[in-house]
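Hi,

Here is the structure we talked about. Please have a look at it, then read the notes below.

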Amino acid sequence: KLKYELATKNSNTYLSVLESTNILDTALNSLNEIPSSKALGVSNYDADGTAPVIEEWFLDMSDGILNITFSDVVVVSTFQPNAFTLQNSNSTIVAEYTLKEPTASDTPDG
């Protein structure tokens, strides 16, 4: 999932095997090499249909850091801070703060 054009559909999912592998069958025959120029196309491809969820999050008020752990790889460029709101309760909300895009003045170097 870290490489956008790899294993996203049948047409970009292939497998090659190095000659130097030590994979043996029960008669001690080595697995045959499959060079990248003759890589095998996937037999069956099931696309990822699972949306990421937040597994946990931590807030460090001393350093001003919010750390969010997702269940799946997410594309950083799609992250929208203003979609997240800190609030004092999950029922009667008295105080809340919606995150914003960082600016130079918001960073330690700014």
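Leu28 sits in the loop between β1 and β2 (40-41). The model is predicted, so keep that in mind for everything here. Leu28 is not a glycine, yet its phi is positive, about 70°. Most residues other than glycine have a negative phi. Is Leu28 buried or exposed? Leu28 is exposed, because its relative accessible area is 62% and the cut-off for exposed is over 50%.

Ala7 is another non-glycine residue with a positive phi, about 55°. Look for Ala7 in the segment before β1 (14-15). Ala7 counts as partly exposed, at 36% relative accessibility.

Strand β3 (residues 54-60) pairs with strand β4 (residues 65-70). The sense is antiparallel, and the pairing runs over six bridges. Which residue is the bridge partner of Phe58 in β4? That partner is Asn67.

Last, the aromatics. How many aromatic pairs does a search of the whole structure find? The search finds one. Phe79 and Phe84 form this pair, and it is stacked. The rings are 5.3 Å apart, centre to centre, with 20° between the planes. That angle counts as stacked because the cut-off is under 30 degrees. Both partners have some accessible area: Phe79 is partly exposed at 36%, and Phe84 is partly exposed at 21%.

Best wishes

Conventions:
Residues are numbered from 1 along each chain as its sequence is written. This is a predicted model: local features need pLDDT of at least 70, side-chain atom pairs count only at pLDDT 80 or more; totals for chains, interfaces and linings use all residues. Side-chain values use heavy atoms; hydrogens and water are left out. Rings of Phe, Tyr and Trp (its six-membered ring) pair if their centres lie within 6.5 Å; planes under 30 degrees apart count as stacked, over 60 as edge-to-face and the rest as tilted. Buried means under 20% relative accessible area, exposed over 50%, partly exposed in between (1.4 Å probe, protein chains only). Two strands pair if DSSP finds at least two bridges between them. Helices (H or I, at least four residues) and strands (E, at least two) are DSSP runs, numbered from the N terminus.
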